[in-house]
Amino acid sequence: MSTDLFSPITVGRLALPNRIVMAPLTRNRAAAGNVPQAMNVAYYRQRVTAGLIITEATQISPQGVGYPATPGIHSAAQVAGWQAITRAVHEAGGRIFLQLWHVGRISHPSLQPDGALPLAPSAIRPAGEAVTYEGMQAFVMPRALDRDEIPGIVEQYVQAARNAQQAGFDGVEIHAANGYLIDQFLRDGSNQRTDAYGGTLENRARFLQEVTTAVCAEIGADRVGVRLSPENNFNDMHDSDPQTTFNHAAGVLSGFDLAYLHVVESDMITGSSSIDYSQVRTAFGGHYMANCKYDLARAQQAVQSGAADMVSFGTLYIANPDLVERFSSGAALNTPDPDTFYGGDEHGYTDYPFLGQ
Ligand code: PHB
């Protein structure tokens, strides 16, 4: 039988029954204290037939936050909240990784402890506005991290990975994509450091390398995935040579024997893409998860041709808890409602109908 989207695959220590992955999705529905709550349990449990669930991006520390009502993994209450989710997913037969997130400059003093400035590799203010509890507010000039502060941030990733294990996750995905802290180091539009963390490709990838090294040492590389987004301009991101930058980053990651590399293969908003992702895949060498605007036909083609080992789906998973069953039976898909993507209650979250409902 030839390999397709419905073929099993072993990823790290996990046997996935299919190659259809629920992509990380920010939904802004955590309770006070950025604590996961009952409706979040129901939401993830509904999507349990995914080969793998990757959670929404989750703050590793109080400084890592950039949006209202996004969950964290740094407090005891947050760990307990996530425990209820991993238990429900495992009892229903599923597998779940936690996405580790530090937003860097994509934040606002009103979201930060003591109203502090957001942190970044360099003091470069992104164009655009932060989402705050008081509405949209212009991004501020971030504070460039001192070199001697960087080990402390790496340690926040390690502690978060430890907390994720305690919360019962099967593994973690290091969020190095979409204009957040690690990506801000990787791309030259947001990194103008003149120390060992800026300038050359090697230096810009150093923070990613250090975080990955430390998290793998803590929980095992076979429990760690990494997400990259070479061409996503979201959050005012730019790189002068994304092919070279991300071939290099993928090459750095090839040395770890990670569970997978997860790649957002175009601009998230426009879908435009001009680099060759097979080079990124080859530079990495391990399991490759493709993402961004895939439908069933393109995903099947990617897996059958060997361009990808797995494909993750974001918007389609918002609207279709039983996406695997709908794909395998050729059933119609529910239509996602963008008005309920970010924030709110169960409506547009846990009330999309299953097949036959
Ligand atoms: C978002 O809130 O729009 C968002 C969050 C995390 C991402 C991408 C987008 O990685």
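**Exercise 1.** Determine how helix 7 passes helix 8, and which residues make the contact.

Solution. 
- Helix 7 crosses helix 8 in a right-handed sense (right-handed if the near helix is turned clockwise from the far one by less than a right angle, left-handed if anticlockwise).
- Helix 7 contributes Gln 243, Phe 246, Asn 247, Ala 250, Gly 251 and Leu 253 to the contact, and helix 8 contributes Gln 279, Val 280, Ala 283 and Phe 284. Contact means heavy atoms within 4.5 Å.
- By class, this contact has 6 nonpolar, 4 polar and no charged residues.

The model is predicted: local features need pLDDT of at least 70, side-chain atom pairs count only at pLDDT 80 or more, and totals for chains, interfaces and linings use all residues. Numbering runs from 1 along each chain as its sequence is written, and side-chain values use heavy atoms, leaving out hydrogens and water.

**Exercise 2.** Find the packing angle and the crossing hand of helix 3 and helix 6.

Solution. 
- Helix 3 (residues 150–166) and helix 6 (residues 206–219) pack at about 35°, axes 9 Å apart.
- Helix 3 passes helix 6 in a right-handed crossing.
- The class count is 11 nonpolar, 1 polar and 3 charged residues.

How values were computed:
Helices (H or I, at least four residues) and strands (E, at least two) are DSSP runs, numbered from the N terminus. Ala, Val, Leu, Ile, Met, Phe, Trp, Tyr, Cys and Pro count as nonpolar, Asp, Glu, Lys and Arg as charged, and the others, Gly among them, as polar. Axes are lines fitted to C-alpha atoms, for helices over the stretch in contact, and angles run from 0 to 180 degrees between N-to-C directions.
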